[in-house]
Amino acid sequence: MAEVDQGSTLPTESTPVLDSLNATDSNGTDAVNGTVAKFVATPEGTALAYGSLVFMALLPIFFGALRSVSCSKSKNSSDMPETITSKDAARFPIIASCTLFGLYLFFKIFSQEYINLLLSMYFFVLGILALSHTMSPFMNKVFPANLPIKQYQLLFTQGSGESKEEIVNYEFDTKDLVCLAISSVVGVWYVLKKHWIANNLFGLAFALNGVELLHLNNVSTGCILLGGLFVYDVFWVFGTNVMVTVAKSFEAPIKLVFPQDLLERGLDASNFAMLGLGDIVIPGIFIALLLRFDVSLKKNSRTYFYTSFLAYIFGLGLTIFVMHTFKHAQPALLYLVPACVGFPVVVALVKGELTELFSYESSDEVLPHTPRLTHFPTVSGSPASLANSMQSSPSSPRRRRHTPTSM
């Protein structure tokens with residue numbers, strides 16, 4: 001694939017363009033005396049781009065995993081995570097495949113311009129909520145203590161009397177309003193300019209929220225999920241052009257990007273290396289599970305977390321190496337899944353803790369009324385997956401769920 005594979009692959013070749021004397025055509029390439037010139041990324045630019053992508057991918061995994069621990073121990077129902085069961089994990093590849101193919105047909109039938117306009121507005125709202133939720137802990141620490149904090153509530157109900165039912169019930173305060181204001185500025189910037197920095201801010205927020213709020217209930221479920229996505233990723237990348245077509249058509253913050261021509265063009269660079277959010281969130285929720293397992297052992301050690309974290313770095317680096325060696329797009333989960341699952345299992349075998357690892361239940365660490373994920377996210381790294389996780393998860397640190405889903 002020439003540009004990016006949605007949520008699954010990294011780019012394989014440069015598609016952007018040289019600075020030149022004449023206008024840029026509709027494909028983003030510069031026309032020079034009737035010819036088309038392609039920008040060839042320098043080794044320094046390529047190394048900077050992929051190094052930055054790896055670094056950005058590690059941020060939501062690391063901090064999202066840490067926040068997932070406090071999230072699982074929270075006594076506030078608004079901070080409760082969504083639990084993924086083995087049944088959810090088993091049907092995920094089928095639902096994801098159907099959704100991906102549906103998106104492919106959608107882009108073939110309808111105008112790409114209008115679809116992306118609708119997606120821009122959709123992700124404008126979700127991005128603001130995700131970024132605001134991401135900023136909340138930081139805002140709690142830096143908000144001036146001498147400024148008054150006022151409490152607010154947004155309540156929508158349906159019916160009257162005993163039949164009255166809450167539709168929306170948000171409680172928030174002055175600090176939340178500041179977060180929303182800052183996030184809104186980023187949202188407007190993204191909608192108007194589609195700038196890569198604004199894209200990355202939203203992408204990082206989506207990824208961190210996903211790792212924090214989507215919890216695997218045990219290691220076996222994680223293996224089912226990652227194993228199914230391993231097959232899904234390989235099939236749709238190597239077997240068809242469906243994922244390539246959808247990825248090229250989508251204009252949404254479902255990927256992290258970094259320009260390979262940053263050194264030559266500065267912030268106006270356009271030759272992007274890309275990494276789908278699915279390649280961050282899916283391994284990330286498994287790594288977060290292992291951190292919670294470390295905490296449950298009460299040994300003041302983070303062996304499994306650090307092992308899986310280093311395994312992720314190894315797998316992502318191997319993906320980039322193979323991609324450049326064979327000059328062909330690679331499904332990142334082809335390398336990430338064996339690394340992130342295999343390394344911790346080997347460590348557990350060496351330490352004699354394999355039974356404890358697979359018998360650990362993450363749900364034991366949270367309150368009994370933790371809601372179960374009833375509509376599992378669809379395509380890895382796709383708008384649907386991010387949207388569902390945001391809609392199922394609190395968009396504010398004080399949002400209240402009045403009717404938790406039964407187990």
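Does lysine 298 count as buried or exposed? Lysine 298 counts as exposed, because its relative accessibility is 71%; buried means under 20% relative accessible area, exposed over 50% and partly exposed in between, with a 1.4 Å probe and protein chains only.

Before the next selection, note that this is a predicted model, in which local features need pLDDT of at least 70 and side-chain atom pairs count only at pLDDT 80 or more, while totals for chains, interfaces and linings use all residues. Residues are numbered from 1 along each chain as its sequence is written, and side-chain values use heavy atoms, with hydrogens and water left out.

**Stop 1: the loop between α9 and α10**

Select the loop between α9 (278-297) and α10 (303-326), where lysine 298 is placed. Helices (H or I, at least four residues) and strands (E, at least two) are DSSP runs, numbered from the N terminus. Lysine 298 has a positive phi of about 55 degrees although it is not a glycine. Asparagine 300 lies in the loop between α9 and α10 as well. Its phi is near 55 degrees, a positive value in a residue other than glycine. Asparagine 300 is exposed, with a relative accessible area of 75%.

**Stop 2: the whole protein**

Of its 407 residues, 53% are buried. Among contacts (heavy atoms within 4.5 Å) between residues at least 6 apart in sequence, 76% join residues at least 24 apart.

**Stop 3: α2 against α6**

Two packed helices are described by the angle between their axes and the distance between the axes. Select helix α2 (residues 86-109) and helix α6 (residues 219-239), which pack at an angle of about 20 degrees with their axes 7 Å apart. Axes are lines fitted to C-alpha atoms, for helices over the stretch in contact, and angles run from 0 to 180 degrees between N-to-C directions. α2 and α6 are therefore roughly parallel to each other; angles under 35 degrees count as roughly parallel, over 145 as roughly antiparallel, 65 to 115 as roughly perpendicular and the rest as oblique.

Show the side chains at this contact: the α2 residues include Phe92, Pro93 and Leu100, and those of α6 include Ile224, Gly228 and Trp236. By class, the contact of α2 with α6 has 12 nonpolar, 4 polar and no charged residues. Here Ala, Val, Leu, Ile, Met, Phe, Trp, Tyr, Cys and Pro count as nonpolar, Asp, Glu, Lys and Arg as charged, and the others, Gly among them, as polar.

**Stop 4: α6 against α11**

The contact of α6 with α11 has 11 nonpolar, no polar and 1 charged residues.

**Stop 5**

Select helix α7 (residues 242-249), which is largely enclosed by the rest of the structure because 7 of its 8 residues are buried. The buried residues include Val242, Met243 and Ser249, and their cover includes α2, α3 and α6.

Finally, select phenylalanine 123 in helix α3 (residues 112-142). At 0% relative accessibility, phenylalanine 123 counts as buried. Its C-alpha atom is separated by 9.0 Å from that of valine 191, 68 residues apart along the chain.
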